[in-house]
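Biologist: Let us go through this model as questions and answers, with every cut-off stated where it is used. Could you begin with how the helices meet?

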Amino acid sequence: MSRELSVSDRERFVEYLDCIAKISESAVVNINDDGCQCLATNIDNTLILHACYIDSYDISTTLNIPDVKKLVNVVSAITTEEINFKVDSNSLLYKGESVKFKYHLFEEGLILPPSLNLDKISKFDYDVTFTVTKEWMKQLFRGSSFATETNKIYFSVIDGNLHGELTDKARHNTDSLSINLGPVEFELEPFPINFDNMRLLSTISDEIKVSINTDIGVILFDIENNGIKLKYIISALTT
């Protein structure tokens with residue numbers, strides 16, 4: 001038996017799905033009266049994304065999406081702001097005036113979301129917090145074409161200023177690029193993470209909140225804009 005899934009803002013819904021598609025090819029999206037929630041991980045399980053989309057729905061259902069990017073592309077072809085889907089256990093059906101499609105879903109259990117205790121993660125004591133801007137991220141990505149010998153970025157405090165440095169401290173004679181984030185009032189020894197994971201972060205907001213637990217070696221990137229809330233959880237590298 002099919003039920004109706006009404007989406008009030010197509011662009012926001014597509015933006016939400018696209019954030020997930022950057023992380024994982026497939027995903028399980030849970031929908032209830034508060035909105036959408038999804039836990040996704042990248043291909044090597046070094047990054048986990050908790051993605052929430054705050055909206056109001058009249059049904060509770062689960063979408064087991066085999067190819068999120070494909071769904072993003074076909075929903076982007078719809079021209080109306082509001083979308084009414086027919087959803088059942090194995091398909092998502094849309095019939096508009098100019099666009100019609102049937103997108104097949106996986107059966108429940110074929111896609112396994114990452115096992116993660118979000119409450120435990122949120123209760124960690126994050127001894128370092130700061131904010132980076134979208135412009136700083138763009139500057140870093142542009143500069144990464146110079147430091148091509150490394151896929152690591154180190155956050156550290158030098159002379160009272162927070163820096164993000166692309167280098168590899170485990171190797172000699174490696175080109176490096178450091179970009180100053182400005183003065184801070186905390187100390188931070190070099191904290192390395194995989195720079196490839198930073199490339200997967202969404203830039204839907206002008207600011208990104210960063211929280212680091214130096215004891216456990218976990219870094220969070222929190223991004224929020226227009227009802228979309230994204231929490232990226234990344235483990236530190238050893239060197």
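Biologist: Is the crossing of H1 and H2 left-handed or right-handed?

Modeller: This is a predicted model, in which local features need pLDDT of at least 70 and side-chain atom pairs count only at pLDDT 80 or more, while totals for chains, interfaces and linings use all residues. Residues are numbered from 1 along each chain as its sequence is written, and side-chain values use heavy atoms, with hydrogens and water left out. Helices (H or I, at least four residues) and strands (E, at least two) are DSSP runs numbered from the N terminus. A crossing is left-handed if the near helix is turned anticlockwise from the far one by less than a right angle, and right-handed if clockwise; that of H1 and H2 is left-handed.

Biologist: How are the directions of H1 and H2 classed, as roughly parallel or roughly antiparallel?

Modeller: Axes are lines fitted to C-alpha atoms, for helices over the stretch in contact, and angles run from 0 to 180 degrees between N-to-C directions. On that basis H1 and helix H2 (residues 68-76) pack at about 160°, their axes being 9 Å apart. Angles under 35 degrees count as roughly parallel, over 145 as roughly antiparallel, 65 to 115 as roughly perpendicular and the rest as oblique. The class for H1 and H2 is therefore roughly antiparallel.

Biologist: Which residues of H2 take part in the packing with H1?

Modeller: Contact means heavy atoms within 4.5 Å. On the H1 side the residues involved are Arg10, Phe13, Val14, Leu17, Asp18, Ile20 and Ala21, and in H2 they meet Val68, Lys69, Leu71, Val72, Val75 and Ser76.

Biologist: Which are the edge strands of the eight-stranded open sheet?

Modeller: Two strands pair if DSSP finds at least two bridges between them, and with antiparallel pairing the order of this open sheet reads S5-S2-S3-S4-S16-S15-S14-S9. The strands that pair on one side only are strand S5 (61-65) and strand S9 (128-133).

Biologist: What angle does the direction of H1 make with that of S4?

Modeller: Strand S3 (residues 35-41) and strand S4 (residues 47-54) run antiparallel and are joined by seven bridges, with Cys36 standing opposite Tyr53 in S4. Helix H1 (residues 10-21) packs on this sheet, touching strands S2, S3, S4, S5 and S16, and its direction makes with that of S4 an angle of about 170°.

Biologist: And which residues are buried in H4?

Modeller: H4 also packs on the sheet, touching S9 and S14, with its direction at about 80° to that of S9. Buried means under 20% relative accessible area, exposed over 50%, and partly exposed in between (1.4 Å probe, protein chains only). The buried residues of H4 pack against S9, S10, S11, S12, H5 and S14; they are Lys134, Trp136, Met137, Leu140 and Gly143.

Biologist: How many salt bridges are found in the whole structure?

Modeller: Among them, Lys169 pairs with Glu165, the closest N and O atoms being 3.5 Å apart, and Asp9 pairs with Arg12 at 3.6 Å. A search of the whole structure gives a total of nine.

Biologist: Leaving aside neighbours within four places in sequence, which residues is Glu82 in contact with?

Modeller: Glu82 lies in the loop between H2 and strand S6 (83-87), and its relative accessible area of 57% is why it counts as exposed. Beyond the neighbours within four places in sequence, the residues in contact with Glu82 are Val7 and Ser8.

Biologist: What relative accessible area does Ser156 have?

Modeller: Ser156 is found in strand S10 and, not counting residues up to four places away in sequence, touches Asn161, Leu162, His163, Leu188, Glu189 and Pro190. Ser156 is buried, because its relative accessible area is 6%.

Biologist: Finally, what share of the 239 residues is buried?

Modeller: The protein has five helices and 16 strands, and its C-alpha trace spans about 60 × 35 × 30 Å along the principal axes. Among contacts between residues at least 6 apart in sequence, 62% join residues at least 24 apart. The buried share of the 239 residues is 49%.

Technical notes
A salt bridge is a side-chain nitrogen of Lys or Arg within 4 Å of a carboxyl oxygen of Asp or Glu.
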